[in-house]
Protein chains: 2
Amino acid sequence: MPARAVAGGKENSVETPPVESTRERLLNIAEQRFGEGGYEGTSLRAITVAAAANIAAVNYHFGSKEALLRAAVARAMAPVNTERRRRLDQLEAAGQPTAEQLIRAFIEPGLDLVLRRGERGAIVARFIGRVAFDPSRRIRELYAAEADPVEARYLAALQQALPRAAPESVAFGYVNMLGLLALHQSQALSRAPGTEDVDDASRLAENLIAFLVAAFDRGLRA
Amino acid sequence: MPARAVAGGKENSVETPPVESTRERLLNIAEQRFGEGGYEGTSLRAITVAAAANIAAVNYHFGSKEALLRAAVARAMAPVNTERRRRLDQLEAAGQPTAEQLIRAFIEPGLDLVLRRGERGAIVARFIGRVAFDPSRRIRELYAAEADPVEARYLAALQQALPRAAPESVAFGYVNMLGLLALHQSQALSRAPGTEDVDDASRLAENLIAFLVAAFDRGLRA
DNA sequence: CTCTCATTCAAACGTCCGTTTGAACTATGC
DNA sequence: GCATAGTTCAAACGGACGTTTGAATGAGAG
């Protein structure tokens with residue numbers, strides 16, 4: 001943590017072979033620290049020290065603490081949104097998707113895709129999960145702005161796939177799905193730390209999908 | 001360290017006198033503000049101003065900001081824990097409870113009992129829900145210490161009521177139940193503010209119970 | 001009345017916060 | 001060489017934070 005590359009700007013090779021720019025290091029550390037302590041509980045100084053950057057670098061590259069968070073959310077959500085869109089397009093092209101197909105296409109990009117790439121993926125997942133349910137409404141809306149467009153498509157598709165359930169009931173199940181996914185992503189539900197390893201990721205996804213499918217199919221009011 | 005030893009618990013009346021004590025006002029406002037902005041996002045100055053108390057009153061009556069939170073959590077959880085214990089005792093005295101009975105006995109004291117008494121109840125519910133999933137692990141454990149004893153009994157009873165599901169699966173469903181309850185209590189799942197009124201409380205409880213019962217009965221792995 | 005003691009008060013403590021400044025450094029094009 | 005733009009730096013800004021202090025207040029007991 002103390003000093004990394006101090007003298008020369010382009011000197012590297014101590015840690016990662018490819019050079020990370022200050023901007024990238026800030027985003028990476030921000031993901032980690034915001035995911036650990038939340039937005040309010042994480043100071044820019046803690047981030048810049050860990051990223052071996054000057055405190056002024058945040059405002060130079062992003063403009064403010066909140067803008068740093070916004071950039072980190074956008075970068076983290078981009079592949080998840082892309083994958084969700086892709087799978088929904090594919091499902092709809094093949095006809096009327098089932099509820100299970102929709103749930104799977106929504107959950108897996110959030111857990112599987114993001115938990116599968118080792119340490120970094122788990123950090124990103126926790127970051128997303130934390131931001132989605134931050135105590136501050138302002139932060140939550142910042143996340144919602146990033147995720148809403150594709151999420152709205154899933155809600156509409158689910159209501160078509162479950163015509164026997166009232167639209168409000170489907171919306172109720174839908175927010176429950178969002179919440180459970182975020183909670184598992186944030187690892188707030190795993191009380192003992194370090195319990196889950198990489199192999200558990202796909203099992204967690206399967207368990208969560210089965211849990212939600214049963215709830216959607218039989219637990220919603222008509 | 002100054003003198004702070006005396007708390008004077010005995011001479012207070014059971015019902016609220018025409019005036020609330022400074023200590024009670026601090027707890028009431030702390031519930032509200034911590035529930036709105038989270039622990040880190042709420043300053044003692046904001047609390048003491050709203051409670052019409054001096055900033056030093058918190059440290060006089062409680063010792064620290066965290067001790068104020070701890071006292072507020074303990075006070076808020078007490079009736080919920082009591083009611084959950086009462087209902088579980090009652091169920092177990094009548095024989096082997098079903099999963100639905102257990103889920104209902106767990107959910108309703110958290111939503112129904114606490115949402116039914118008007119504005120105050122909704123504030124308490126939101127406060128509990130927020131603390132249970134605060135970004136800081138320290139705060140979450142503070143809540144867990146208050147809720148764990150009775151919660152553990154429900155987990156054990158659920159595993160007996162669902163012998164066909166693996167114990168890990170029941171534990172998985174159980175943490176999902178905890179999470180969904182907390183999320184609905186914290187009102188983080190209701191995107192539009194002010195959507196829910198008092199009449200919706202019992203409907204919400206029924207919807208959530210039906211959702212969970214279906215998931216427990218048919219969504220858990222053997 | 002005086003004494004006592006729990007409570008409240010204004011004020012200040014030192015620390016950390018996000019942000020800003022202006023100079024110094026780097027790399028590239030002339 | 002000089003000029004330029006992009007980036008990093010130490011240092012400081014004003015303000016908010018949780019906490020502490022010591023004196024003032026008020027009610028009750030002798």
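This is a predicted model: local features need pLDDT of at least 70, side-chain atom pairs count only at pLDDT 80 or more; totals for chains, interfaces and linings use all residues.
## Helix 4 and helix 7 of chain A

Two packed helices are described by the angle between their axes and the distance between the axes. In chain A, helix 4 covers residues 65-93 and helix 7 covers residues 137-161. Their axes are 8 Å apart, and the packing angle is about 15°. Angles under 35 degrees count as roughly parallel, so helix 4 of chain A is roughly parallel to helix 7 of chain A. The crossing of helix 4 of chain A with helix 7 of chain A is left-handed.

On the side of helix 4 of chain A, the contact with helix 7 of chain A is formed by Leu69(A), Arg70(A), Val73(A), Ala74(A), Met77(A), Asn81(A), Arg84(A), Arg85(A) and Leu88(A). Helix 7 of chain A contributes Leu142(A), Tyr143(A), Glu146(A), Ala147(A), Val150(A), Arg153(A), Tyr154(A) and Ala157(A). Sorted by class, this contact between helix 4 and helix 7 of chain A holds 11 nonpolar, one polar and five charged residues.

## Helix 6 of chain A and its partners

Helix 6 of chain A packs against helix 4 of chain A at an angle of about 115°, with the axes 10 Å apart. From helix 4 of chain A come Val73(A), Ala76(A) and Met77(A), which meet Val124(A), Phe127(A), Ile128(A) and Val131(A) of helix 6 of chain A. The contact of helix 4 of chain A with helix 6 of chain A has seven nonpolar residues, no polar and no charged ones.

Helix 6 (residues 118-132) of chain A also meets helix 8 (residues 167-186) of chain A; the axes come within 7 Å and cross at roughly 130°. That angle makes helix 6 of chain A oblique to helix 8 of chain A. Helix 6 of chain A passes helix 8 of chain A with a left-handed crossing. The residues involved are Ala125(A), Arg126(A), Ile128(A), Gly129(A), Arg130(A) and Ala132(A) of helix 6 of chain A, and Ala182(A), Leu183(A), Gln185(A) and Ser186(A) of helix 8 of chain A. By class, the contact of helix 6 of chain A with helix 8 of chain A has five nonpolar, three polar and two charged residues.

## Contact between chains A and B

Chain B touches chain A through 27 residues, which are in contact with 27 residues of chain A. In chain B, helix 8 (167-186) and helix 9 (198-218) each give at least two residues to this side. The side of chain B that touches chain A is made up of 13 nonpolar, nine polar and five charged residues.

Two copies of a chain are related by a rotation about an axis and a shift along it.

## Surroundings of DNA strand D

There are 19 residues around DNA strand D, and those that come nearest are Thr22(A), Ala56(A), Ser43(B), Ala56(B) and Ser64(B). Two or more residues of this surface come from each of helix 3 (56-61) of chain A, helix 2 (44-50) of chain B and helix 3 (56-61) of chain B. The surface near DNA strand D has 11 nonpolar, six polar and two charged residues.

Notes:
Residues are numbered from 1 along each chain as its sequence is written. Chains are lettered from A and ligands numbered from 1 in the order in which they are written. Axes are lines fitted to C-alpha atoms, for helices over the stretch in contact, and angles run from 0 to 180 degrees between N-to-C directions. Helices (H or I, at least four residues) and strands (E, at least two) are DSSP runs, numbered from the N terminus. Angles under 35 degrees count as roughly parallel, over 145 as roughly antiparallel, 65 to 115 as roughly perpendicular and the rest as oblique. A crossing is left-handed if the near helix is turned anticlockwise from the far one by less than a right angle, and right-handed if clockwise. Two residues are in contact if their C-beta atoms, placed from the backbone, lie within 7 Å. Ala, Val, Leu, Ile, Met, Phe, Trp, Tyr, Cys and Pro count as nonpolar, Asp, Glu, Lys and Arg as charged, and the others, Gly among them, as polar. A residue is near a molecule or strand if its C-beta atom, placed from the backbone, lies within 6 Å of it.
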